[in-house]
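Morning, everyone. Let me walk you through one model. Please have a look first.

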Amino acid sequence: MTALLRVLLLLLLPAFSQAAPLSLVAGDAPLLPGPFMQVWQDPQGQADIHTVRQLPDSAWQDVARRDPSFGYTGYTYWLRVTLHNPSDQPIDWVLLIGNPLLDYLDAYGLDGERVYRAGDQRPFDERWVQHRQLVLPLSLAGGEQRELILRMQTNGSANLSASLMSAQAFNHHEQRMLMLQGLFFGALLVMLIYNLSIFIITRDRNYLWYSLFVASFSFYQFIQQGFALQWFWPNSLAWHQLSFPFSSALATLFGILFTYGILDLKSQHRAYTWVTRALLGSSLLVIALALSAPYRVALLGSFYLLIICAAVGCIITALRWRAGYPQAKLFALGWSSLIIASLFSVLTGTGLIANSLLTLHAQQIGCLLELVIFSIALGARIRQTQSDHHLAQARLFAKEHQLRMEQAKSLDLQQEINEGLEARVQERTASLQQALEKLSEANQRLAELSRHDSLTGLFNRQVLNEELERMLAQAKRSQQPIAVLMMDLDYFKQVNDEYGHLVGDACLQHAAQRMQQRMRSNDLLARFGGEEFVAMLCDTDQPGAYDLAEQLREDLAKHPCQHQGLNITLSLSIGVCALIPDALSNREQLLRQADQALYQAKAAGRNRVACYEANTRAGA
């Protein structure tokens, strides 16, 4: 029923002067706010929030598409959307802006009168959430309806790429995306190492150009996905802006050199060489523009260079294919996947194609396809070399009756050639095997890291949920008690406010270490979120769980956190829930009852342990 109502609202959007509110209904799928947004264009960029809020409804226009995208105009756009919490419980949501290359983005209405200011032309540390993309957290009380206003200004693509999701869904989404990005850049690294190894062995410049192309394209993607600003130069805003067209033109330059070599254009008509030199000169010109000209000029120059190179490359490849060159077919297929994906990315930036998860990562998908196909093409080139060698050998034997006196010498020479070729193939195979083993080890490390909290080293919430389900199932089978301790550091916000978040992080690490020392080998301690921790105890009744909780509380109180000359006293409030589970017991019940006990401990004055009692809770 809710889905049908949403479809009807989308169909009736143009008939209303003001877009309908967007109801934030919990779910795993992200919500697209575009169809519920209205836009007001400010070409001069002089309006402020007070002026915008006083605009009549007739001044606003419905976005009426999946995602607000306005091309490369350079104008300032104001967007508004009304958010509604239909439930009676407060909710925490995240507005994720998937375009990390926006110059400036201001948000009004996220948190009272606080203004969210971010963008790649503002220092990275000013963001509320330290994330490669623009993450706007918001909280709505039960039944609350709030107007959110965004100010977007950029010299690049005015493409918001916005999606709304619950905080829990965002955490799951971020884990998946980090895993996929790690696999993508890991694959690029493997290809770089592999082709550099072949170049070192063979001294074939085609492998060098291809390796440099992979390296520059990886650099381009690192910038485009927002990782470069986060990790490489969070405060070098001018360089960050020019690095995008610079890396694009650099990747194009090495792609031209690789194309010239792999298609063997040097041995063909001079026109191929003249065209290649013209494209190389254009690439160098765009690189110079990126380092000296205005950003908008360099950005458009890199786009036009990409389109021209794509068109010329298709024509040259088709001509070489027609001439019967063996590598032209695979080369055409590989470049087509990358070129089509790049054109999709450019057209999405102009607003001609609606933004989606597919178009947002189109270049990465096309790049992986191109890497696989080019690897096959380079392997085919090696096989062609071997075929030519065998053909020369057959011709040599055909003339045996003419060269009988040189037979022994020819056989010795042939044996040396075969041994050398076999050694080269073995070396290349060993290099590939080593690269694949490194990739496998990296994937294993990535999987292990995804199970632990990066700050404390404890298990994260995902592992907590999995292990609690397993321990609960085992307790149901054996009818043995199971206990959950929900622990929270008292007044931890005051520690962050007084000493700073770095000292707060040290306190979290200290608390985690003290608690971990008192856990049994078959118990599990996990970070639940913020300053909250959860311990799962198997074969433990309520008295045993209470005793352990008191030990944890007293131990932390007696051992303050020592950090950089500071002596910071910490205390714990602990909620205990212990039971012998029945068929209806579940993970959510255990965590909820432990959380209720924690609430009782805090209400009783903190720095204490409270046990969950069903009759007490009902009375409260």
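I'll cover the overall fold, then the aromatic rings, then the cysteines.

This is a predicted model, where local features need pLDDT of at least 70, side-chain atom pairs count only at pLDDT 80 or more, and totals for chains, interfaces and linings use all residues. Residues are numbered from 1 along each chain as its sequence is written, and side-chain values use heavy atoms, with hydrogens and water left out.

The protein chain has 18 helices and 17 strands. These are DSSP runs numbered from the N terminus: helices are H or I, at least four residues, and strands are E, at least two. Of its 620 residues, 47% are buried. Buried means under 20% relative accessible area, exposed over 50%, partly exposed in between, with a 1.4 Å probe and protein chains only.

Now the rings. Rings of Phe, Tyr and Trp (its six-membered ring) pair if their centres lie within 6.5 Å; planes under 30 degrees apart are stacked, over 60 edge-to-face, the rest tilted. That gives 18 aromatic pairs. Take Phe185 and Phe227: edge-to-face, 6.0 Å centre to centre, 85° between the planes. Phe185 is in helix α3, Phe227 in helix α5, 42 residues apart. Both Phe185 and Phe227 are buried.

Last, the cysteines. How many disulfides does the structure hold? The count is 0. A disulfide here is a pair of cysteine sulfur atoms within 2.5 Å. For Cys561, the closest cysteine sulfur is in Cys507, 4.0 Å away, so too far for a bond. Cys561 is buried, at 3% relative accessible area. Cys314 is partly exposed, at 44%.
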